[in-house]
Amino acid sequence: MLDKHLIAEVKPKTAKEYIISGDGYRISVLTPQLLRVETGEFTDEATQSVWFRDFDKPKFAQSQKGAYLYIETTAARFCFNKNSRKITEITFIKDNRTVKCSNKHNLKGTRRTLDFTIGRVRLGMGLMSKTGISVLDDSSSLLLMKGQAVPRFDKATDLYIFAYNRDYRKCLADFFKLTGEVPLIPRYALGNWWSRYRAYTQQEYTALMERFKAEDIPVTVATIDMDWHWVDVNKKFKLNINKIESPRPGWTGYSWNTELFPDYKGFLKYLRDNNMRTTLNLHPSDGVRWFEDMYEEMAEAMGIDPASKAPIKFDITDRTFISEYFKVLHNPYEDEGVDFWWMDWQQGKKTAVKGLDPLWPLNHYHFLNSQRNNKRPLILSRYAGVGSHRYPLGFSGDTHMYWCSLKFQPYFTANAANIGYTWWSHDIGGHMLGKKSNEMYLRWLQFGIFSPINRLHSTSHDLQGKEPWNYSDVTERYTKEALTLRHRLIPYIYSMNYKTHKEGIPLCEPMYYRSTFPEAYEYNNQYYFGSELIVAPVVTRLIKPLQMAKTAVWLPEGRWTDIFTGRIYNGGKVINMFRGVSSIPALAKEGAIIPLSGDSGNKWQNPDKLTVHVYRGEGGFELYEDDGETMDYKDGRCAFTNMRVNEKDGN
């Protein structure tokens, strides 16, 4: 058996009174707007995607007419053809509108990665559509039994029919009930991250963090890329591993490079003493080889004679390997100060279990393991399909440094909410290729401030580093202002983090989540950033004569105030907004309340000083606080502070 903490709690069986069975089909009525339709072989087990099927008590009636079975709930009437064994059409009762059951006009979701892409790319299906109907096909999702993924029957079709009209928030909330909630992420993750693919020495990295402190730039997460461990293993250990044996023989490693980090424990302590949390990069595909520090212990645990120097194969489907992989290779480092792991998996999509992509169990088990000792779990990894929202954070891959790549990211980020994936982390500023640009770097960072995770990242090339002082004086000035603002926004973003966890409301929402106007669908590079703001990142170059960039912004009805310029706009129309390099359109609704930290330095914990920005109108805000990095909030150790603003008779 797997260790108990590596087995997720699921409740996959639907009560029999909500199941309609027939010749070769089974229909489960999960909510008034959500049906499960199975054909062929049926299962009551959880799958990789779906963990809960008994969470609502919907009222429904059924009737038959010839080959057609009709299922009517309080919200919709579903027509099922018993011959084809398919839901053919759905009628929304409220507006008496009938729609064919398909994924036509689907608003799409997200994708595994942006690696090796430039600009706009194809996305997978989402839950939202303009017709109000979507079909989630879970047929290829493996079963989850005793904590492990196993193949399901070959001739099984397993579909979930979402009929939520355009109540997208309700659709998403029920999707989370079906698949599992979005975890509450640790508070430190919402500040500024430093990350770079570069072979830093311990002294260089420490000096860089001291420079950030001296420049008064708050950093809360320190990322150490793959060079924390031995990389040139052929040279170091006098090996002769060729590219056929292993295309990248130094990518996998578990032993600290003591030439670069002679006192890694002291290094980790330095970061924690300076209020930073630490993540290390992983590429585990080559398993554990004889030269690793923990080889002997791992070999004995796996029943291998250490004297043989036989390689320990990476097998994320083997129960013993899974348990020892954490006990021997990862938990000791966590005890020494590594806070979470960055799974940089790019090494194939096959395992010993047919149909199981190794990225999924890596995300699944790493996330479950990271909550040992009452710790708030966190990982950084690529998207592994429907249900991946349970394992934040998402790493979108090695972004190329082009304007078209920047232009795509605001839409890509907000649109991922359509499949419940709310915590994307991008290489802010771009990882590689392209060319150095003060303007593009600044615009990318200004988007990063209003994205789920602000992780500065680049490759090792000297011209591609993201240190603000390596850019022009003007760029450096506005970059520092932006990074300071992001840090100050933590109280606001953390409160939204809680709303995502408890209510299923994403931090970044497409405009059509709160409006049915055509413009809400058309202007998809702007988005709601929490309950109080609309953000429209600038993703085009300055117009040279004006030295300003033009961004067309659609504003819903009401009064909107740009938080940077103070300019007030009346909504209900599209407005061309011109901005210099100092800011982007970020608009507070009337009655907005935005809490900001008033503390200095890089303190990410609950602030001692709070600044509250209030905008005229009627509104309210609930500030959420807890300790930020344990599970104690589940026992009620948290605080809610309610604020309201009222406007009457002009006062």
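Which residues make a nonpolar surface patch of about 260 Å²? Ile-118, Tyr-402 and Leu-433 do, and the legends below start with them. This is a predicted model, so to speak: local features need pLDDT of at least 70, side-chain atom pairs count only at pLDDT 80 or more, and totals for chains, interfaces and linings use all residues. Residues are numbered from 1 along each chain as its sequence is written, and side-chain values use heavy atoms, with hydrogens and water left out.

**View 1. A nonpolar patch made by Ile-118, Tyr-402 and Leu-433.** Patch members have over 30% relative accessible area and no salt bridge; nonpolar side chains (Val, Leu, Ile, Met, Phe, Trp, Tyr) are joined within 5 Å, like charges within 9 Å. A salt bridge here is a side-chain nitrogen of Lys or Arg within 4 Å of a carboxyl oxygen of Asp or Glu. Areas come from the Shrake-Rupley method with a 1.4 Å probe, and for residues only the protein chains shown count as cover. Leu-433 sits in the loop between strand E20 (424-425) and helix H9 (438-449). Its relative accessibility is 44%, so Leu-433 counts as partly exposed (buried is under 20%, exposed over 50%, partly exposed in between, with a 1.4 Å probe and protein chains only). Helices (H or I, at least four residues) and strands (E, at least two) are DSSP runs, numbered from the N terminus.

**View 2. The cis peptide bond from Pro-392 to Leu-393.** Omega is near 20 degrees for this one. Look for Leu-393 in the loop between strand E18 (379-381) and strand E19 (394-395).

**View 3. Asn-96, with a positive phi.** Phi is near 50 degrees here, in a residue other than glycine. Asn-96 belongs to the loop between strand E8 (86-92) and strand E9 (97-100). With a relative accessible area of 66%, Asn-96 is exposed.

**View 4. Lys-108, not a glycine but with a positive phi.** The angle is about 70 degrees. You'll find Lys-108 in the loop between E9 and strand E10 (133-137). Lys-108 is partly exposed, at 30% relative accessible area.

**View 5. Stepping back to the protein chain, with its 12 helices and 33 strands.** The C-alpha trace spans about 75 × 70 × 45 Å along its principal axes. Of the 651 residues, 59% count as buried. Among contacts (heavy atoms within 4.5 Å) with a separation of 6 or more, 70% come from residues 24 or more positions apart.
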